[in-house]
Amino acid sequence: VMKKMWAGRTSGKTDQIADDFNSSIRFDQRMYPEDIAGSIAHAKMLAKQGIIPEEASGKIIAGLEGILADLNSGKLEIDPAAEDIHMFIEETLTERIGQDGKMLHTARSRNDQVALDIRLYMREENGQIKQLLKQLVEALCDQAEKYKGSLMPGYTHLQRAQPVTFGHQLMAYAYMFMRDLDRLGQMEERMNYSPIGSCALAGTTYPIDRVYEAELLGFKAPVANSLDGVSDRDHVVEDLSDLALVMMHLSRLSEELILWSSWEFHFVRLADAYTTGSSIMPQKKNPDMAELARGKTGRVYGDLMAILTTLKGLPLAYNKDMQEDKEALFDAIDNVELCLETFIPMIKTLEANEKAMHQAAQKGFINATDLADYLTKKGMPFRDAYHISGQLVALCIDQDTVLEDLPLATYKGYSDLFDEDLYQAIDLHNCLAKRTSLGGPTPESVQKQVDEVRGKLALE
Ligand code: ARG
């Protein structure tokens, strides 16, 4: 049994089973670049304040840079027996540079160290996720522009409802992901305060400069309260909540892609590269990527619930429970990144079957509202017009025909207000073209939406 670095009051001799239970190295090792960046800033600050000699600080920094390079290149391997990444790096440093390495942990605790590392890691990954979201929105804009004139039925209750365009439908998703981008940006702003210098919980008697260290690490300012500095994981909750929304949006898009690529709809064709076959049924082309994203959504929701539940009722300040924050966070980040990386090319290569969409639009009476509006514009109260149109739809269903093919005489039997021009009013293309209200489905409106979103992305 090896003696622990933290063997102060106790013998530091722990049972192997307790060590394994306590250890976080198998998952927190991914934060080594952040841990090293934090330690370099700390060593600089300690020297600037005269807390450790300039020379020792220089050796510490050089040693840490060497460790970083060797971890990056694979020359140095992370020892799974180390308790966590913070201990591993400090131990390796002292092994490499000797006594001076032992000065690094002055005026610091793993409590503020881990709080710092998480924020730095999240900042990095958040940048990556925002980039991916942008690329996804760009792909949606390109497709929306291409299909801005493609008539399709819009649905409510998954029943054909009113005419829209495929471009309009795609832009609805673009706006969801734009809000996700916005939320992630706001989360990052609230997270942008440095917890380092909170130390274990109560600050320190050393003359540290938290403002300087915060600046070195690119934060706006230090966290104002040291207890809050080490106890706060709001940003983890917020990030997981934002990521749960990203997944919810991806999952709704997935559901539509799955439906649309079925023979029942046949609205879209996914590129072969993003589908799978069946081991027994030779005709199959399955939308596995969309299904998997839909499935992973539940898992990311679970990550959010896990951290919320872990933090609930935790007394201040640090408690070991908080070590559980990382696996949930990393799992969500990894899975969101995987999903986005897959969806970007899948959306880029998606093809719409405009003919099938058009055919679907022709059946299902999606111009029935327009028929009612026609009567209303001629003076009939909407509720009466609604009623007559409903009867005409029922008649069509009975006679296996469509509104466009009913003779004028039949219409006249229901109301004198009907005239030849009703056929214009219920023509599907007119029904679409006349929906000129702001945010509507016309090609012009879709183009406006695309331009607006592209404009916003350019400012990001
Ligand atoms: N591995 C720990 C964590 O992830 C680091 C902080 C440990 N602090 C402590 N006092 N045991 O939370």
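Ala, Val, Leu, Ile, Met, Phe, Trp, Tyr, Cys and Pro are counted here as nonpolar, Asp, Glu, Lys and Arg as charged, and the others, Gly among them, as polar. The legends below describe a predicted model.

**View 1**

**View 1. The side of domain 2 that touches domain 3.**
The protein chain is divided into domain 1 (16-106), domain 2 (111-148 + 166-212 + 221-353) and domain 3 (360-459). Between the C-alpha centres of domain 2 and domain 3 the separation is 40 Å. Contact between these domains involves 12 residues of domain 2 and 10 residues of domain 3. On the side of domain 2 that touches domain 3, helix 6 and helix 7 each supply at least two residues. The largest share of that side, 6 residues, is contributed by helix 6. Its residues divide by class into 6 nonpolar, 4 charged and 2 polar.

**View 2. Helix 15 (residues 382-399) with its buried and exposed residues.**
Ala385, Ser389 and Leu392 are the buried residues of helix 15. These residues cover an arc of only 60 degrees around the axis and are therefore on the same side of helix 15. Exposed residues on the other side of helix 15 are Arg383, Gln391, Ala394, Ile397 and Asp398. The elements covering the buried residues of helix 15 include helix 14 (368-377) and helix 16 (408-414). After helix 15 comes Asp400, which has a positive phi, near 50 degrees.

**View 3. Helix 19 (residues 443-459) and the elements that cover its buried residues.**
Helix 19 comprises 17 residues, and the distance from its first C-alpha to its last is 25 Å, close to the 24 Å expected at 1.5 Å a residue. Its buried residues are Ser445, Val446, Gln449, Val450 and Val453. As they cover an arc of only 140 degrees around the axis, these residues are placed on the same side of helix 19. On the other side of helix 19, the exposed residues are Glu444, Asp451, Gly455, Ala458 and Leu459. Among the elements that cover the buried residues of helix 19 are helix 6, strand 2 (159-165) and helix 7 (166-191).

**View 4. Phe365 in the loop between helix 13 (354-362) and helix 14.**
Phe365 counts as buried because it has 22 C-beta neighbours inside 10 Å, and a residue is buried if 20 or more other C-beta atoms lie within that distance. Apart from residues up to four places away in sequence, Phe365 touches Val393 and Leu403. Phe365 and Cys396 are 31 residues apart along the chain, and their C-alpha atoms are separated by 9.3 Å.

Technical notes. Residues numbered from 1 in each chain as written. Predicted model: local features only at pLDDT ≥ 70, side-chain atom pairs only at ≥ 80, totals over all residues. Helix = DSSP H or I, 4+ residues; strand = E, 2+ residues; numbered from the N terminus. Expected span 1.5 Å × (residues − 1). Buried ≥ 20, exposed ≤ 12 C-beta atoms within 10 Å, placed from the backbone. Arc of directions from axis to C-beta. Contact = placed C-beta atoms within 7 Å. Domains from an automatic or database assignment.
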